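Here is a short note for someone reading a protein structure as a first exercise. Please keep the sequence and the 3D view open while going through the points.

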Amino acid sequence: MAQKKGYGKVDSVIARDSSLSIESRAIYQILATYCDKNRECYPSIDQLLRDTGISKDRLYKHLKILEQRGIVEKFYAKSETSTFGRLTYRLCDFK
């Protein structure tokens, strides 16, 4: 099955920030490709692992760096069909 083509809007300041690891920048850029107009997305961890090609431990480590720096915010979005919220990421860039 062919992948759907598209793009993601990336803040060049973050993409070029050499104080961030290459893994953190790659995760940020991949999340951007999933984001809606509100800069929110909800790819699964398994999808992020496939997209990045890194281990689960590395994914969590570098995602945490993005959260600590205030670039990515994680939260659980409630839905009508589920008791538990869906893990959602919000990119907090373009400030």
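Predicted model: local features only at pLDDT ≥ 70, side-chain atom pairs only at ≥ 80, totals over all residues.

1. Overall make-up. The protein chain has 4 helices and 3 strands. Starting at the N terminus, their order is α-α-β-α-α-β-β. The chain has 95 residues, and 33% of them count as buried.

2. Contacts along the chain. Consider the contacts in the protein chain with a separation of 6 or more: 48% of them join residues 24 or more positions apart.

3. Helix α3. This helix covers residues 45-52, and its buried residues are I45, L48 and L49. Why do they lie on the same side of α3? They cover an arc of only 100 degrees around the axis, and this places them on one side of the helix. The general rule is that an α-helix has 3.6 residues a turn, so residues three or four places apart point the same way. Just after α3 comes G53, which has a positive phi of about 75 degrees.

4. Helix α3 against helix α4. Helix α4 spans residues 56-68, and its axis comes within 10 Å of the axis of α3, with a crossing angle of roughly 100 degrees. Angles of 65 to 115 degrees count as roughly perpendicular, and α3 and α4 are therefore roughly perpendicular to each other. From α3, the residues I45, L48, L49 and T52 take part, and they meet K56, L59 and Y60 of α4. By class, this contact has 5 nonpolar, 1 polar and 1 charged residues. I45, L48 and L49, listed above as the buried residues of α3, are among those that meet α4.

5. Helix α2 against helix α4. Helix α2 covers residues 22-34, and its axis and that of α4 come within 9 Å and cross at roughly 80 degrees. These two helices are therefore also roughly perpendicular to each other. On the α2 side the contact is made by E23, S24, I27, Y28 and L31, and on the α4 side by R58, L59, H62, L63, I65 and L66. These residues divide into 7 nonpolar, 2 polar and 2 charged.

6. L59. Not counting residues up to four places away in sequence, L59 touches I27, I45, L48, L49, T52 and I54. L59 takes part in the contact with α3 and in the contact with α2. The C-alpha atoms of L59 and E23 are separated by 7.8 Å, although the two residues are 36 residues apart along the chain.

7. H62. This residue also lies in helix α4. The relative accessible area of H62 is 7%, so H62 is buried; the cut-off for buried is under 20%. Apart from neighbours within four places in sequence, H62 is in contact with S21, E23, S24 and I27.

8. R39. This residue sits in the loop between α2 and β1. R39 has a phi near 65 degrees, which is a positive value in a residue other than glycine. With 13% relative accessibility, R39 counts as buried.

9. Y34 is in helix α2 and is partly exposed, at a relative accessible area of 33%. Leaving aside neighbours within four places in sequence, Y34 is in contact with E40, C41, P43, Q47 and D51. Y34 and K9 are 25 residues apart along the chain, and their C-alpha atoms are separated by 9.7 Å. Y42 is found in the loop between β1 (40-41) and α3. Y42 counts as partly exposed, at 47% relative accessibility. With residues up to four places away in sequence not counted, Y42 touches R86, L87 and T88. From C-alpha to C-alpha, Y42 and L31 are 8.5 Å apart in space, and they are 11 residues apart in sequence.

Key:
Residues numbered from 1 in each chain as written. Heavy atoms only, no water. Buried < 20%, exposed > 50% of the residue type's maximum accessible area, 1.4 Å probe, protein only. Contact = heavy atoms within 4.5 Å. Arc of directions from axis to C-beta. Axes fitted to C-alpha atoms, helices over the stretch in contact; angles between N-to-C directions. Parallel < 35°, antiparallel > 145°, perpendicular 65-115°, else oblique. Nonpolar A, V, L, I, M, F, W, Y, C, P; charged D, E, K, R; others polar.
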